[in-house]
Amino acid sequence: QKHLVGLDLQRKVTTTALRAAVLLAVMGGVGLRGVCWLLLMLFHLDISKSSLARWLQETAAQLPDKEQMLKLLLADKPVTQGHLDEIFPCGWGSSCVLVLKDEHGRLLWAEQLVERTADQVAGVLHKLKELGLNLSAFYVDGCEAYRDAIRAIYPEAVIQYDYFHVIQNIWKKLWRQMVAYRKELKERAGRSQTPWYREKLETLAKRLWEQRGLLFKNPDRMTAQESQTLVALLDHDPFVGTVRTFLERVWGIFRDSEGELGARQRLGRLKQWPQVQQAPDSAFAKSVAFLEDRFEDMIAFLRHPGVQRNSLAESGIRVLRRLEQGHDGFRGEQGRDNYLRLYQAIKYLHWDVYRSDGTVGLADQPRMAA
């Protein structure tokens with residue numbers, strides 16, 4: 001009898017350990033080597049990385065396939081908005097993985113593309129539409145393939161150009177100009193024959209580098225001390241003040257405009273800036289041209305109620321990247337699909353990673369969280 005009790009206890013410990021392994025690997029993003037070490041330390045269960053990988057694969061095989069999993073997610077919560085982005089997996093050459101997230105923050109779909117073209121993206125969207133995904137709004141970055149594919153498959157859908165990517169694009173243009181300006185300061189300091197003036201230019205160039213993050217930081221996220229530091233820096237050089245003012249006016253278009261008309265008026269005033277009018281090759285002029293090129297998509301959130309200015313896709317990319325890095329890369333599309341379906345089942349559908357009869361595997365029916 002004691003022997004039977006011991007076997008039962010050992011079985012329960014093993015079941016608990018393997019359940020913990022799934023949660024650590026899939027939900028925690030812990031690498032399989034790290035999971036094996038934790039199982040040994042916590043449960044005295046010595047298991048190899050390859051054995052654990054096989055067990056995770058067997059556990060994922062008990063789940064519905066990706067198409068059925070999508071239907072379960074749609075049945076759980078209605079979806080009307082899609083957040084599109086891509087990830088370039090480690091060691092897979094130039095191929096990318098298209099990632100779709102919904103307005104509830106759930107990762108719905110991930111599919112590898114040979115090349116990110118409008119035709120290939122449209123093929124994925126067509127498949128999703130046939131599976132019952134009826135979307136009225138999309139959030140994308142600046143990739144034209146996304147825009148063209150969406151208009152082909154979901155012609156009535158609203159397209160919102162993600163605000164983060166808008167600001168990032170302009171930030172890069174202005175940053176390159178700032179780097180060139182700092183380089184010019186150092187060259188002028190080297191040519192100067194006046195000691196005090198040379199020291200002034202060298203000090204300014206040094207401060208610009210040390211405070212480079214602060215120059216482009218959103219004012220809403222600054223502390224009082226950072227604001228004072230920035231004001232002191234801007235007082236030393238008019239060009240730096242011009243860059244900062246330009247950035248704040250760009251932020252104002254999307255942050256402070258009262259409706260679509262207000263946003264267009266702010267952009268019109270920005271176009272009249274002397275730095276834009278007099279220097280068509282400057283970062284200021286290029287930034288304005290960039291805004292004009294996709295402005296309709298950038299301000300869709302001002303025209304359509306319920307549409308936000310920011311995409312949620314980046315958080316989905318971070319989840320996949322965390323899992324990928326934790327496991328030395330997925331080593332193939334099937335590996336990524338296994339982890340994603342396990343993540344969806346546990347995170348979104350609240351399934352257990354063991355059955356009610358005590359055997360290891362996902363529960364036969366979803367168990368809603370308390």
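1. pLDDT is the predictor's confidence in each residue, from 0 to 100, and a contact means heavy atoms within 4.5 Å. Over residues 366-370 pLDDT stays under 50, and for this stretch the model has 9 contacts beyond four places in sequence. Where pLDDT is low, the predicted coordinates should not be read in detail.

2. This is a predicted model, in which local features need pLDDT of at least 70 and side-chain atom pairs count only at pLDDT 80 or more, while totals for chains, interfaces and linings use all residues. Residues are numbered from 1 along each chain as its sequence is written, and side-chain values use heavy atoms, with hydrogens and water left out. The mean pLDDT of the protein is 85, and 88% of its residues reach 70 or more.

3. Helices (DSSP runs of H or I, at least four residues) and strands (runs of E, at least two) are numbered from the N terminus. Axes are lines fitted to C-alpha atoms, for helices over the stretch in contact, and angles run from 0 to 180 degrees between N-to-C directions. Angles under 35 degrees count as roughly parallel, over 145 as roughly antiparallel, 65 to 115 as roughly perpendicular and the rest as oblique.

4. Helix α7 (residues 163-191) and helix α14 (residues 283-293) cross at roughly 165°, their axes coming within 9 Å, and are therefore roughly antiparallel to each other.

5. How are the rings of Tyr161 and Phe290 arranged? Their centres are 6.1 Å apart and their planes lie at 85°, so the pair is edge-to-face; rings of Phe, Tyr and Trp (its six-membered ring) pair if their centres lie within 6.5 Å, with planes under 30 degrees apart counted as stacked, over 60 as edge-to-face and the rest as tilted. Tyr161 belongs to strand β5 (residues 158-161) and Phe290 to helix α14, so the pair ties together parts that are 129 residues apart in sequence. A search of the whole structure finds 14 aromatic pairs.

6. With helix α8 (residues 195-210), α7 packs at an angle of about 155°, the axes being 8 Å apart, and α7 and α8 are therefore roughly antiparallel to each other. Their crossing is left-handed. Among the residues that meet are Trp175 and Tyr181 of α7 and Tyr197 and Trp209 of α8.

7. Helix α5 (residues 118-130) packs against helix α6 (residues 144-153) at about 40°, with axes 8 Å apart, and the two are therefore oblique to each other. α5 passes α6 in a right-handed crossing.

Definitions and conventions: Left-handed = near helix turned anticlockwise from the far one by under 90°.
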